[in-house]
Amino acid sequence: MTLALLLLALGTFLLRFLPWRAEKGLRAGQAGPALVVALFLVSAFGPPPSPEWLRALLALLGTYMGARLTGNLGLAVFLGAGLYGLLGLL
Amino acid sequence: MKRGLRAAWPIALGYFPVAVAFGALGAQAGLSPLWIQLTSLLVFAGASQFALVGLLAQGVPPLLAALLGLLLNLRHAFYGPALRPYLRGGPLEAFFLTDEVFAVALRALPGLPPGERRGYFLGLGLGAYLSWNLGTALGVLGAQGLLAFPGLGEALSFALPALFFLLALPHLKNPVALLAGGVALGFHLLGQTAWGLFLAGITGLLGEGFGERRRP
């Protein structure tokens with residue numbers, strides 16, 4: 001079991017390190033923006049489609065408003081998360 | 001580094017409850033506290049850690065469980081090349097390169113003087129790492145009751161989606177990013193999230209020359 005842990009740790013590290021280190025390796029193209037948008041969508045909207053998506057959308061709206069009003073990323077995240085928690089109590 | 005540490009707090013906020021859940025899951029599966037903590041200390045990749053522990057608890061052979069965990073992390077191969085124009089990747093930087101650290105760094109690094117980028121990145125990664133490991137330790141020790149306050153656990157679970165949303169906003173007019181997001185969401189709805197993210201990375205690679213231009 002420890003060997004499995006070490007394999008996962010080493011493999012994960014190499015997946016992160018080697019393509020970054022390689023001078024003439026993988027070209028990123030639009031992978032950065034593509035992955036950020038993809039990570040957002042899969043983290044915010046869990047399958048299957050449900051009323052929870054509406055709750056998530058409302059909380060995202062609160063996050064956006066928080067960002068516009070405060071200009072602070074961390075505070076906006078805090079406000080959005082708080083709104084999501086409050087909506088769950090309704 | 002201080003600037004990066006300060007920027008890490010939204011990530012830390014989101015990591016904490018997930019890490020507590022991971023620690024608690026490992027303890028419930030009968031794994032030793034030391035082994036569970038070592039997983040967070042050495043792997044530092046949430047989804048694959050959950051997969052490893054879950055598969056081991058189901059009796060899957062350990063090496064197969066590790067390989068399946070690695071498959072979940074294939075998307076990480078795209079992160080370094082996307083950051084390469086702004087920061088040269090060393091071993092320590094690579095170790096800290098999670099989804100969330102990548103997304104925050106991709107937004108922040110282009111606006112920083114080159115001499116400050118490494119310190120910022122390491123601070124960002126360190127903040128995330130400390131939260132992940134503190135949460136794991138508390139979960140192992142049975143502190144998931146911390147999250148029992150009404151609404152708190154759910155609120156914290158939304159910190160990472162909210163963070164990703166703000167980081168994704170500047171890219172929502174980029175057709176390649178939108179297509180990649182659609183691919184990822186489609187696979188996600190079919191229960192194949194890891195493959196969806198991997199294919200989103202491929203879509204981004206193939207989309208070079210379309211959509212937004214890379215910032216200098």
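Tutor: The contact between the chains draws 57 residues from chain A and 82 residues from chain B, where two residues are in contact if their C-beta atoms, placed from the backbone, lie within 7 Å. On the side of chain A that touches chain B, at least two residues each come from helix 1 (2–21), helix 2 (31–44), helix 3 (52–70) and helix 4 (73–89) of chain A; helices here are DSSP runs of H or I with at least four residues, numbered from the N terminus. Helix 1 of chain A gives the largest share of that side, 15 residues. By residue class, the side of chain A that touches chain B holds 41 nonpolar, 13 polar and 3 charged residues, with Ala, Val, Leu, Ile, Met, Phe, Trp, Tyr, Cys and Pro counted as nonpolar, Asp, Glu, Lys and Arg as charged, and the others, Gly among them, as polar.

The model is predicted, so local features need pLDDT of at least 70 and side-chain atom pairs count only at pLDDT 80 or more, while totals for chains, interfaces and linings use all residues. Residues are numbered from 1 along each chain as its sequence is written, and chains are lettered from A and ligands numbered from 1 in the order in which they are written.

Turning to the division of each chain, chain A consists of domain 1 (1–44) and domain 2 (46–90), with bounds from an automatic or database domain assignment, and the C-alpha centres of these two domains of chain A lie 28 Å apart. Chain B is split into domain 1 (2–159) and domain 2 (172–216), whose C-alpha centres lie 22 Å apart. The contact between these domains takes 7 residues from domain 1 of chain B and 6 residues from domain 2 of chain B.
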